[in-house]
Amino acid sequence: MTVLIIGGSGFLGMELVRRATSADAEAAATFATSRPGTVPGVIWRALDVRDPAQVAGVISEVSASVVINASSGGADWEITAEGLIDIAMAAARLGVRLVHVSSDAVFSGAGVHYAESCLPDPLTPCGAAKAAAETAVRLLVPSAVIARTSLIIGYGRSVHERTVHALVAGTREGVLFTDDVRCPVHAEDLAAALLEVALSDAAGVLHLAGPDALSRHDLGRLIAQRDGLDATRLPAGRRVDAPLPGALDVRLDGRATQERLGTRIRGACEFLRGNGRVIADSRTLPRPL
């Protein structure tokens, strides 16, 4: 079985590649504008997801059994929405299993707590593109998994951690919002859960986010404390006072998903204080979801 990770050169994609290879799985990965990764034993292919022929060609060329879409085009409709349609159509035509990584950006925050059954109601162009991608997956590949997640953290490499360091050092302007609440997840936990799901027969929407709901400022303080920085230097502000669109408080309720997983998804209060590790071993076959 070959696992193809689309967006393999990205932050989450690289963690997926590392975990797949450590589990002795056949791994292939794609990159767009960046260079291919350096993980040994991985088949790397350049890919523009906006090119349907290229998408189908790469999936066929590496003989993929499973495709995990970890690409991130943000608000770029061509990449995030139309590119995913190309991936879903190719997966359906070639009979390949699909796991699509989505986001809590598909929600407005009006409901605050969101279970897997909640329908998207996005406020931003990025959220709208991700919601459109979810719709395409549902229609084209009913057996696929749509895995919604939240802010991804991991060993100082995430954009959130780099922002905290820059704000404390005074090399970047801005504030961390005290009223912008999400459910952070560690990249290691998320990658382990995605691979577990990919190798199972699960279908439908899953929520792979941490159990702790934190404001971006509280999250920043935890990151600073972990890294020995002065957390009092982190500037605070309110998103409602800033001219920025988007949801305020979005909490993905992943309890139903967690009950079906062998991988334990830790909360930020745990993994940022150094307690606990991923308990699932991706070298073993996951139990059916």
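## The second largest pocket

Strand S15 (251-252) and helix H8 (255-260) each put at least two residues into the lining of the second largest pocket; helices (H or I, at least four residues) and strands (E, at least two) are DSSP runs, numbered from the N terminus. This is a predicted model, where local features need pLDDT of at least 70 and side-chain atom pairs count only at pLDDT 80 or more, while totals for chains, interfaces and linings use all residues. Residues are numbered from 1 along each chain as its sequence is written, and side-chain values use heavy atoms, with hydrogens and water left out.

H8 gives the most to this lining, with 3 residues. The space in the second largest pocket comes to about 250 Å³, a volume being the space filled by probe spheres set on grid points joined across faces, edges and corners. A pocket here is an open set of points on a 1 Å grid over the protein atoms alone, where a 1.4 Å probe fits, with protein on both sides within 12 Å along at least five of seven lines; lining residues have an atom within 4 Å of a point. Of the 17 lining residues, Gly-210, Pro-211, Leu-252, Asp-253 and Gly-254 are the closest to the pocket's centre. By class, the lining has 8 nonpolar, 6 polar and 3 charged residues (Ala, Val, Leu, Ile, Met, Phe, Trp, Tyr, Cys and Pro count as nonpolar, Asp, Glu, Lys and Arg as charged, the others, Gly among them, as polar).

## Charged pairs

Asp-253 also turns up in a salt bridge, with Arg-255. The count comes to 17 salt bridges, each a side-chain nitrogen of Lys or Arg within 4 Å of a carboxyl oxygen of Asp or Glu. Here are some of them:

| Pair | Closest N to O |
|---|---|
| Asp-253 and Arg-255 | 2.8 Å |
| Glu-270 and Arg-264 | 2.9 Å |

Arg-266 sits in the loop between H8 and helix H9 (268-271), and Glu-188 in helix H6 (residues 187-198), so their bridge ties together parts 78 residues apart in sequence. Arg-266 is buried, at 3% relative accessible area, and Glu-188 is buried too, at 10%. Arg-255, by contrast, is exposed at 61% (buried means under 20%, exposed over 50%, partly exposed in between, with a 1.4 Å probe and protein chains only). Elsewhere, Asp-104, Asp-180, Arg-182, Arg-216 and Arg-239 are linked in a network of salt bridges.

## A ring pair

There is 1 aromatic pair. Phe-107 and Tyr-114 have ring centres 4.1 Å apart and planes at 15°, so they are stacked (rings of Phe, Tyr and Trp, its six-membered ring, pair if their centres lie within 6.5 Å; planes under 30 degrees apart count as stacked, over 60 as edge-to-face and the rest as tilted). Phe-107 is buried at 1%, and Tyr-114 is buried at 5%.
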